[in-house]
Amino acid sequence: MRLDVHGDAVRGGDSGPAFEAGKSADSLLIKYIAGLDPDVVMPPEGDKLSKEEVALFRAWIDQGAKWPEGSPGDGKVNTGHWAFQPVRRPAGPAVKAEGSVRNTIDRFIVARLESRSIAPSPEADRRTLIRRLKFDLLGLPPTPAEIREFVEDTRPDAYELLVDRFLASPHFGERWGRHWLDLARYADSDGYEKDSPRPFAWRYRNWVIDAINNDLPFDQFTIEQLAGDLLPNATLEQKVATGFHRNTLTNKEGGVDQEEFRVAAVIDRVNTTSTVWLGLTLGCAQCHSHKYDPLLMHEYYGMFAFFNQGNEVDLPAPLPAEAEAYAKAKSAYDAAHAPFATAVSEFESTRLPERLAAWEKTLDKSSSPTWTVLEPASIAGTGAVKFARQSDGSYLATGENKPAETYTLQFQGGVPKGITALRIEVLPDAALPAKGPGRVAHGNFVLSEFRASVSSPAAADPRPIEWGVASADYSQDQFPATAAIDGDTKSGWAVAPQFGQRHVAVFEMKTDLNIAEDEILTIVLDQQHGLQHTIGRLRLSATTMPRPVQLEGFPADVAQALAKTYEQRTLAEQKKLLAHYAPLDTELAKLRQDEAEHAKQAPRPPATQAQTLAEISPPRATHIHVRGDFLRKGEEVQPHTPAVLHPFRGAAGRTGNRLDLARWLVDPANPLTARVTMNRVWKNLFGQPLVTSVDDFGTRGEKPSHPDLLDWLAAEFVSPSPPLSKGGAGARGGVGTAGNDRGGEVGANWSVKRMIRLIVRSATYRQSSQPRSELAERDPRNVWLARQGRFRVEAEVLRDACLAASGLLTPTVGGPSVRPKQPAGISELTYAGSARWVESTGPDRYRRGLYTWFQRTSPYPMLMTFDAPESNVTCTRRDRSNTPLQALTLLNDPVFHECSQALGRRMIAERAGDPAGRVAFAFELCVGRPPGDAEAQELGRLYAEFRALAEADLGAAGKLAGEPKPAEADLANTAAAIALARILLNLDETVTRE
Amino acid sequence: MNERCSMTQISQDGSVSSRRSFLANTANGAGMLALASLLRDDGLLAGEVTRESAPNPLAPRPAHFASKAKACIYIYLEGAPSQIDLFDPKPKLNELDGQAMPESMTKNVRFAFLQKDTARLMGCPRTFTRHGECGMELSDFLPHLATCADDLCLVRSMHTEAFNHHPGQLLLNTGSQMFGRPSIGSWLNYGLGSDSKNLPGFVVLTAGRGTSGGTSNWSSGFLPTTYQGVLFRNQGEPVLNLNNPEGVSDELQRRSIEGLVNLNRQRLAAVNDPEIATRIASYELAFRMQSAAPELIELSSESEATQQSYGLGRDEPNVKSRGGKGQFEAFARNCLLARRLVERGVRFVNIVHASWDHHSNLNDELKHNCLMADQPIAAMLKDLKQRGLLDTTLVVWASEFGRTPLGENRPGFPTVTGRDHHPFAFSLWCAGGGIKGGQVVGKTDDIGWGVVEEPVHIHDLQATLLALFGINHLKLTYRFQGRDFRLTDVAGKVVDKMLT
């Protein structure tokens with residue numbers, strides 16, 4: 001119930017309409033605000049309305065309850081809010097200082113500065129530029145060699161060439177992929193109590209890195225992640241892309257309502273999509289229409305309906321290299337294996353028939369024991385267990401598996417006369433856990449009691465059958481077959497550890513059994529052990545052979561065939577005989593064993609999987625969740641998009657799906673996607689966005705600092721690039737051909753790389769970041785961009801920078817997550833310490849930060865200390881805090897200490913003959929420039945001090961140096977170098993992008 | 001070289017006003033904790049630290065209205081201790097032991113493991129007796145706490161809608177079942193700042209195994225990370241990375257930080273970015289924490305009698321308990337540490353202990369846990385009182401929900417020895433900090449199934465906690481994704497009866 005939106009006010013709330021025009025006396029609204037109902041007084045909190053205010057309400061209702069046109073909430077969706085207006089392409093304004101303009105971007109910035117009589121900052125020096133650019137594009141510090149090369153490069157386009165080189169590096173995908181993973185709430189575990197690992201979450205991360213390195217156009221990048229599975233002839237990679245929305249949390253706590261958490265995941269998909277592409281807080285409309293933006297509750301569920309059809313599917317998803325290697329190994333194996341298979345099949349077709357004939361001659365057919373499979377008239381358990389009849393007359397149990405069960409089978413007719421024993425066969429089946437024959441996870445069962453009785457229409461009570469002896473082909477220790485006829489349900493027959501194979505137990509009757517046609521034989525299989533020790537697949541048979549009864553024998557059909565001569569048999573009978581005989585042939589058995597032995601060498605298909613979304617069929621109906629409660633279903637809703645935005649085209653003649661939604665998001669008419677995306681790109685290159693509220697472009701969000709620039713960037717981003725032959729962008733107006741010379745302003749056609757290239761080539765980007773005292777009061781947050789930003793690098797970049805400076809970094813791109821060193825006692829914080837941290841070994845210890853395993857309930861501490869997102873919900877902007885815990889981490893965390901040790905050793909090793917140059921060498925590795933005089937003096941003093949301390953306590957120096965121990969002559973120097981390296985890695989400048 | 005770290009030299013860099021202006025200009029002032037605190041030490045900011053003049057996010061700030069509570073010790077017992085066996089005696093339930101419940105009562109109710117069709121009411125073998133002048137009935141599992149009855153406000157009418165552990169924990173600790181919201185301790189520090197100079201404003205102390213909510217129970221959510229709970233560990237170093245690496249002596253550390261500060265100061269002079277000053281200050285504070293935190297956890301300065309009263313050095317029964325051995329000592333230490341933290345100006349201390357989720361073997365396991373928790377908690381209450389700190393220190397015992405009056409007949413378990421999750425009615429207590437002790441709030445029905453009088457929702461409790469600190473829960477907000485969020489979400493009503 002809302003009173004500030006016309007439609008809602010008129011519709012009323014759960015108790016019906018709040019008022020009717022002209023009838024204030026009957027109005028619920030008046031009743032509640034005037035306090036006429038002591039049980040319901042509105043507003044529920046705060047001051048009550050005064051009599052005068054209530055009178056105003058009355059008067060307004062009585063005068064017709066007119067809602068003024070153009071007032072907020074008038075039901076008209078077309079608001080004048082800037083972000084909902086179509087993107088324009090403003091011309092770059094004229095500026096006085098043309099020399100400050102490198103491309104159109106600069107015009108927007110400089111014009112604003114000139115209007116305030118401020119000059120932009122000069123270009124940063126080359127050392128700063130290359131360091132800034134490499135941090136921004138690749139997330140790594142430049143090496144001294146790279147710096148020197150760039151500083152000494154005299155080509156006029158040296159900077160532009162550097163930009164292109166960095167954009168082509170595979171590390172670009174890692175750096176910008178990590179920005180995207182923040183939005184994708186990427187993690188390596190489920191979240192919630194159990195927080196189970198997701199061993200293949202990285203497969204999606206690989207996709208992101210590759211897509212960004214290949215500069216997959218952003219429209220396609222969007223479509224594949226939201227609906228790659230729905231593309232015609234979707235490739236595996238396009239399906240992998242849908243992993244974006246598989247990063248939602250999963251709750252596997254005992255007793256959870258799966259539907260509740262399925263719905264929670266869908267809600268997160270809606271909210272994340274809305275935040276990432278539209279910059280709208282659509283989630284606010286989950287329980288009621290949006291309080292501030294023109295977004296209605298039914299529109300929320302319209303968006304929900306698109307994602308409500310998604311099913312979570314884990315696919316085998318080998319990386320191309322893995323698939324190739326497998327195919328190669330497989331074909332080599334197949335070739336090697338063929339002779340073994342051929343030997344078996346040749347033996348079967350040529351030798352087996354004659355050997356069967358020879359075997360037949362050895363048989364004494366008159367005494368061959370025969371078992372007749374009994375076909376039950378009914379079979380049932382006590383629970384909702386179901387039985388599926390198999391072609392061999394056995395029954396497979398499916399459905400509910402209660403802890404304890406009793407199966408009852410009834411037989412009428414078709415039961416032989418003169419039965420001497422009953423037999424149960426328990427059979428393996430691929431559908432059973434551990435292939436059965438039981439239903440408990442490891443494949444066992446316990447048959448507590450095997451009972452049988454005969455009921456006759458004449459007798460009131462069934463007559464129980466009395467057992468003589470019981471035997472089995474195999475019995476588990478303490479669980480013999482006789483335990484199943486001892487009358488005690490606490491004991492029974494079981495078969496551990498011989499799972500996955502057939503077993504039989506035979507129960508001899510004390511007297512022969514003859515059943516009349518109208519009598520019913522009932523066999524009860526009591527399984528009271530508990531913990532789901534129930535039988536998974538079984539078959540019952542009877543025999544009339546004389547006692548002692550043999551366990552095995554010929555099934556009735558085999559016996560029948562045996563009774564005939566070869567010539568009398570049908571083809572089917574002969575086949576049956578061959579099938580029966582084959583396992584008994586020792587020569588064939590040897591061939592088969594050889595084949596099986598060789599089959600062990602078969603290459604395993606790659607284990608790599610991908611978490612993907614797929615569409616369910618038939619579709620789920622979507623209802624509004626009344627007050628956001630998934631159990632309270634309101635009216636049904638079809639997939640649709642908010643009316644305030646551009647029209648949803650969908651596909652004619654069918655309901656819209658995720659693919660239609662994705663295409664709608666990247667429709668050039670969408671006023672938001674391009675603006676929101678460019679705003680984030682800008683943020684990543686300046687440390688601050690043009691629209692401060694990166695996640696809220698709605699009416700409560702901040703206005704852009706440079707609206708024309710944002711629009712120009714958005715327009716440039718989505719404009720198609722015309723074929724080069726036509727040249728220029730003049731046809732679309734706005735920028736002129738001059739743009740070509742200044743970074744290719746010809747329409748980026750959704751290429752994020754081109755937009756980044758354009759921005760980093762601007763003079764605005766290339767400015768010095770030195771704070772200007774004259775602007776400290778006027779523009780304390782540097783909104784006008786009279787200089788570049790200067791800020792601490794993100795958590796992962798910080799790690800990478802220290803690893804790189806110390807020479808430890810493993811630059812491998814892509815692959816599964818790794819577990820670098822972390823302080824002891826972290827994973828113990830998880831539920832029952834379930835997420836054990838098994839430290840990676842070898843080069844994996846020094847991989848880039850974005851590959852660090854992210855366990856949601858105990859995230860890697862260093863990442864969290866430096867403001868990496870918790871990855872439970874989408875993160876559009878990271879904090880940049882500056883805390884004592886960060887100081888402690890950089891000083892003392894084992895990883896950073898290892899960096900200090902490595903950097904210290906590097907100083908000694910790489911400047912062996914140049915003690916004086918050591919300090920400057922390490923300083924430049926960390927901050928990208930040689931120390932100034934005062935700095936060099938301070939560093940030299942510290943080095944000498946540390947050396948003296950080390951010499952005074954060689955024991956401590958040895959500990960500081962760690963393993964492997966340096967030569968004794970080098971010890972003091974090494975310890976001093978490490979102590980100094982520790983300072984260098986902690987310098988403000990080391991962790992700052994200037 | 002000056003023996004003292006160079007803060008005074010920084011203050012020589014400019015006048016107070018220029019320093020103030022760089023404070024004001026720092027966009028992300030997390031490290032300002034350090035700077036403001038140092039400046040106050042130097043008497044430069046004394047008496048003028050208000051929300052307007054100093055952007056230090058942890059500077060003490062005035063509340064909305066006058067209040068008693070200055071600090072909170074929030075004992076969070078994860079898993080849901082059985083209120084029926086501890087706080088809410090039900091003679092009628094004992095009479096009905098073994099009987100089924102009417103289907104009408106369980107019809108639309110969800111359980112984690114319990115099988116509705118065969119579940120039976122399970123009586124409680126505990127003895128309840130009256131304690132204190134107020135005559136509060138408490139279970140024989142809590143003999144020490146019973147001696148504090150007149151200080152306790154026992155709420156028997158708690159209820160929640162969360163049914164599973166992790167969502168329930170989020171609701172209790174952050175006011176929402178959704179992820180990403182700030183915890184109570186974060187909200188309090190955001191609202192009031194902290195009086196502590198050398199320690200974080202929000203400290204978490206854990207014992208035993210981890211909780212299912214993990215760090216999300218003390219997360220700062222969308223608030224700046226400055227406000228998140230800092231985990232003090234009970235093994236090894238008290239704060240992550242507090243100790244110097246091997247081979248780094250205190251002397252080397254001191255000289256290193258000195259050198260680092262000098263070099264950063266040179267950079268500050270060159271580029272004039274106030275963020276560098278903040279970083280210098282955070283290194284200064286880190287260095288101070290390196291001595292303050294070990295001093296904090298060094299309990300030998302406590303008298304023998306005090307240590308004994310908390311149960312330090314007690315024998316721990318040799319039973320196999322979830323979370324392993326050593327929890328008795330850790331929990332007692334945490335209670336004593338909590339008092340020491342409060343003495344040192346820390347705003348919010350969260351004592352966390354998991355393993356109260358007694359689906360089976362309830363009698364033995366609950367007894368074991370109570371044996372662990374009862375004495376130290378009672379000792380802490382008395383210790384605070386004796387030092388005159390209880391009036392200003394709110395102590396809370398809480399969990400995410402309660403346990404069923406029905407026995408848990410989980411499939412596969414031969415006997416019924418536990419209780420399932422129960423969100424409709426459970427108990428918790430508060431003491432000190434403006435709480436009116438010696439009273440019971442609310443009432444449940446004869447079998448403890450539902451609340452019949454004075455229901456208190458989680459959001460009501462949260463509103464009340466904030467009120468004790470002088471904060472109007474409707475006014476403590478933070479703008480995030482276009483909305484002004486509160487701890488109490490869109491609900492919450494102060495329970496006046498709980499207040500003095």
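Trainee: What share of the contacts in chain B between residues at least 6 apart in sequence join residues at least 24 apart?

Mentor: In this predicted model, the share is 78%. A contact here requires heavy atoms within 4.5 Å. Chain B holds 15 helices and 17 strands, and buried residues account for 63% of its 500 residues.

Trainee: What makes strand 4 of chain B largely enclosed by the rest of the structure?

Mentor: A residue counts as buried under 20% relative accessible area. Seven of the eight residues of strand 4 (residues 152–159) of chain B are buried, so the strand is largely enclosed by the rest of the structure.

Trainee: How do you know that strand 4 of chain B pairs with strand 11 of chain B, and in which sense?

Mentor: Pairing requires at least two bridges between two strands. Strand 4 of chain B and strand 11 (residues 426–431) of chain B are joined by five bridges, in the antiparallel sense. Within this pairing, B:Met158 lies opposite B:Phe426.

Trainee: How many bridges join strand 4 of chain B to strand 12 of chain B, and how many join strand 4 of chain B to strand 15 of chain B?

Mentor: Three bridges link strand 4 of chain B with strand 12 (residues 439–441) of chain B, and these two run parallel. There, B:Val155 stands opposite B:Val441. Strand 15 (residues 456–457) of chain B pairs with strand 4 of chain B over two bridges, in the parallel sense.

Trainee: Turning to chain A, why are strand 3 and strand 9 of chain A called edge strands?

Mentor: They belong to an open sheet of five strands in chain A with the order 3-6-12-8-9 and antiparallel pairing. Strand 3 (378–380) and strand 9 (463–464) of chain A are its edge strands because each pairs on one side only. Further in that order, strand 6 (residues 405–411) and strand 12 (residues 520–527) of chain A share seven bridges in the antiparallel sense. One of the opposite pairs there is A:Thr406 and A:Asp526.

Trainee: How do you know that the length of helix 9 of chain A is close to the expected value?

Mentor: Helix 9 (residues 202–213) of chain A has twelve residues and spans 16 Å from its first C-alpha to its last, close to the 16 Å expected at 1.5 Å a residue. After this helix comes A:Asp215, with a positive phi near 55 degrees.

Trainee: What makes helix 9 of chain A largely enclosed, and which elements do its buried residues pack against?

Mentor: Eleven of its twelve residues are buried, so helix 9 of chain A is largely enclosed by the rest of the structure. Among them are A:Trp202, A:Trp207 and A:Ile212. The buried residues pack against several elements of chain A, including helix 8 (171–183), strand 15 (609–615) and helix 22 (752–760).

Trainee: Why is helix 12 of chain A called roughly perpendicular to helix 19 of chain A?

Mentor: Helix 12 (residues 258–278) and helix 19 (residues 673–686) of chain A pack at an angle of about 75 degrees, with their axes 7 Å apart. Angles of 65 to 115 degrees count as roughly perpendicular, and therefore helix 12 of chain A is described as roughly perpendicular to helix 19 of chain A. Among the residues that meet, A:Thr275 and A:Trp277 belong to helix 12 of chain A, while A:Val676 and A:Arg680 belong to helix 19 of chain A.

Definitions and conventions: Residues are numbered from 1 along each chain as its sequence is written. Chains are lettered from A and ligands numbered from 1 in the order in which they are written. This is a predicted model: local features need pLDDT of at least 70, side-chain atom pairs count only at pLDDT 80 or more; totals for chains, interfaces and linings use all residues. Side-chain values use heavy atoms; hydrogens and water are left out. Buried means under 20% relative accessible area, exposed over 50%, partly exposed in between (1.4 Å probe, protein chains only). Helices (H or I, at least four residues) and strands (E, at least two) are DSSP runs, numbered from the N terminus. The expected span of a helix is 1.5 Å times one less than its number of residues. Axes are lines fitted to C-alpha atoms, for helices over the stretch in contact, and angles run from 0 to 180 degrees between N-to-C directions. Angles under 35 degrees count as roughly parallel, over 145 as roughly antiparallel, 65 to 115 as roughly perpendicular and the rest as oblique.
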